[in-house]
Amino acid sequence: MKTRIITGCVLIPLTMAAILLGGWVFDVICIAAIALALHEMTQALIKKGHQVVRWPVWAATVLAVPAFLVYKGEALLPILFGTILIITMYVLFHGEPHLEDILVSVMPLLSVTLPGMCLLSQNHAVNELWRVPLICLSLLVPVAGDTAAYFIGVRFGSRKLIPKVSPNKTVEGAAAGLMGSVLCALAIWGIACATMGDKVLMPPVWHFAIVGLLGGVVGQVGDLYASLIKRHCGIKDYSNLIPGHGGVMDRMDSILFVSALVYIYQQILLK
């Protein structure tokens, strides 16, 4: 617990500094985090004995960085389709084909690379004023939800949420996590209004309340999804890179899912 809290106290100000600096600093950190999370998930699946076709996913990730920044969502379908097609052809024409080899090879692409590009694109929002609020929604909403769920769950949790997937998560913790995510989103809206309300037309507060609520749900689903993979692979953490927290994927699981949600909100309502 002590190590976890100390590491969190170090990571939070560093993350906020990266958000405020933006530009290439945030890009480099974001790309490095995506690469590490991709590596950790791939290695976990390989240790389980799966035949993961790695090179098309890594090639797609490298290609997606400039393509997604330049063409935004228009680059999404060609990259996804092309990569899945290459993986499928490789499995079909190399040795004895197994359907699960295609599925486990596509998983990192869909759950790390794709949402990772959504987070990266928020650093290059069409309206520069929205850059910080969007990134804060993606990063802080799931973190606030995870923090609230952890402390309330430890103190008051009694009913298990999905014990076969994550035995320590409770219904009480999940409810507190949703509340923490909503409150965080509302705080971001309030700060955004105070700092840029005279420069841009702010959306109504209920927009951020809904994003916070959906972000809380999506973030917890992302966390459970990552836990299901760990349980399947027979590992406790994806790595021990971050003291008290495990690997980068252990920290990014909910953030990646929420980043995709915020990107959708950005594309639909903040044009």
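**Aromatic pairs between helices**

Visitor: Is Trp55 buried, partly exposed or exposed?
Guide: Happy to start there! Buried means under 20% relative accessible area, exposed over 50% and partly exposed in between, using a 1.4 Å probe and protein chains only. Trp55 has a relative accessible area of 47%, so the class of Trp55 is partly exposed.

Guide: A note on the model: it is predicted, so local features need pLDDT of at least 70 and side-chain atom pairs 80 or more, while totals for chains, interfaces and linings use all residues. Residues are numbered from 1 along each chain as its sequence is written, and side-chain values use heavy atoms, without hydrogens and water.

Visitor: How many aromatic pairs does the structure hold?
Guide: Rings of Phe, Tyr and Trp (its six-membered ring) pair if their centres lie within 6.5 Å; planes under 30 degrees apart count as stacked, over 60 as edge-to-face and the rest as tilted. The number of aromatic pairs in the structure is five.

Visitor: Which residue forms an edge-to-face pair with Trp55?
Guide: The ring centres are 6.1 Å apart, with 75 degrees between the planes. Trp55 lies in helix α3 (residues 55-71) and its partner in helix α4 (residues 76-93), so the pair ties together parts 35 residues apart in sequence. Helices are DSSP runs (H or I, at least four residues; strands are E, at least two), numbered from the N terminus. The partner, partly exposed at 31% relative accessibility, is Tyr90.

Visitor: What is the angle between the planes of Tyr225 and Phe257?
Guide: This pair links helix α8 (residues 205-233) and helix α9 (residues 248-269). The rings are 5.6 Å apart, centre to centre, in a tilted arrangement.
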